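Keep the viewer open as you read.

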Amino acid sequence: MIFQSSNMGKFFAKTVATAVAVLFAAYILKGVHVDSTVTALLVAVVLGLLNSFVKPILIILTIPFTIITLGLFLLFINILIVKWAASLVPGLTVDGWVAALVFSLVVSIVSSLIEALIGTNRDERRSS
């Protein structure tokens with residue numbers, strides 16, 4: 001709707017949606033702490049970059065493990081991405097592997113819901 005005029009607007013909308021999801025996840029999970037809103041925005045950008053550039057490489061390199069574990073190894077990759085983001089962003093702490101897994105699931109679900117509400121994916125759905 002509002003942000004559909006350009007790719008930069010879509011990027012901004014998705015980043016804000018992810019930042020809100022990060023703040024929500026930190027609020028409901030005991031093992032995740034985010035210092036501020038600025039930290040949440042930085043986490044959203046770092047997660048977006050890691051998910052765009054690093055995660056596909058990890059998925060390709062670990063195809064045998066993913067096949068053997070029937071896809072469950074992808075959860076381990078999500079945990080690694082979250083832990084890596086926590087090590088890169090000061091102000092984000094994730095206490096354990098389970099917290100990282102639940103954090104990644106909550107952020108994914110909440111950001112998808114927010115993006116559906118604000119309509120950032122409408123053009124992509126119409127063109128496919």
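Start with L70, which counts as exposed because its relative accessibility is 78%; exposed means over 50% relative accessible area, buried under 20% and partly exposed in between, using a 1.4 Å probe and protein chains only. L70 sits in the loop between α3 (63-68) and α4. Its phi is near 55 degrees, a positive value in a residue other than glycine.

Before going further, a word on where this comes from. This is a predicted model, in which local features need pLDDT of at least 70 and side-chain atom pairs count only at pLDDT 80 or more, while totals for chains, interfaces and linings use all residues. Residues are numbered from 1 along each chain as its sequence is written, and side-chain values use heavy atoms, with hydrogens and water left out.

**The overall layout**

The protein chain has six helices and two strands, and along the sequence they run α-β-α-α-α-β-α-α. Both kinds of element are DSSP runs numbered from the N terminus: helices are H or I with at least four residues, strands are E with at least two. Of the chain's 128 residues, 38% count as buried. A contact here means heavy atoms within 4.5 Å. Among contacts between residues at least 6 apart in sequence, 64% join residues at least 24 apart. The chain exposes about 7800 Å², and carbon and sulfur atoms supply 73% of that; the areas come from the Shrake-Rupley method with a 1.4 Å probe, and for residues only the protein chains shown count as cover.

How far does α5 reach from its first C-alpha to its last? Helix α5 (residues 97-118) has 22 residues and reaches 31 Å, close to the 32 Å expected at 1.5 Å a residue. That expected span is 1.5 Å times one less than the number of residues. Helix α1 also has 22 residues, and its end C-alpha atoms are 31 Å apart, which agrees with the 32 Å it should span.

Buried positions in α5 include A99, F103, V107 and V110. Their cover comes from several elements, among them α1 (7-28), β1 (32-34), α2 (37-61), α4 (73-88) and β2 (92-94). In α1, the buried residues include G9, K10, A13, T15 and A26. Just after α5, G119 takes a positive phi of about 80 degrees.

Now look at V32, in strand β1. V32 counts as buried because its relative accessibility is 1%. Leaving out residues up to four places away in sequence, V32 touches A26, L92, T93, V94, A99 and F103. The C-alpha atoms of V32 and T93 are separated by 5.7 Å, though the two residues are 61 apart along the chain.

**The aromatic rings**

Rings of Phe, Tyr and Trp (its six-membered ring) pair if their centres lie within 6.5 Å; planes under 30 degrees apart count as stacked, over 60 as edge-to-face and the rest as tilted. By this rule the count comes to three aromatic pairs. Here are two of them.

| Pair | Centre distance | Plane angle | Type |
|---|---|---|---|
| F73 and F76 | 5.2 Å | 40 degrees | tilted |
| F76 and W97 | 5.8 Å | 5 degrees | stacked |

F73 and F76 both lie in helix α4, three residues apart, about one turn of the helix. F76 lies in helix α4 and W97 in helix α5, so their pair ties together parts that are 21 residues apart in sequence. F76 is partly exposed, with a relative accessible area of 34%, and W97 is partly exposed too, at 45%. F65, F73, F76 and W97 form one aromatic cluster.

**A nonpolar patch on the surface**

Which residues form the nonpolar patch? M8, F11, V45, L49 and F53 do, with about 530 Å² of accessible area together. Patches are made of residues with over 30% relative accessible area and no salt bridge, with like charges joined within 9 Å and nonpolar side chains (Val, Leu, Ile, Met, Phe, Trp, Tyr) within 5 Å. A salt bridge puts a side-chain nitrogen of Lys or Arg within 4 Å of a carboxyl oxygen of Asp or Glu.

The elements giving two or more residues to the patch are α1 and α2, and α2 gives the most, with three. F53 is found in helix α2 and counts as exposed, at 56% relative accessibility.
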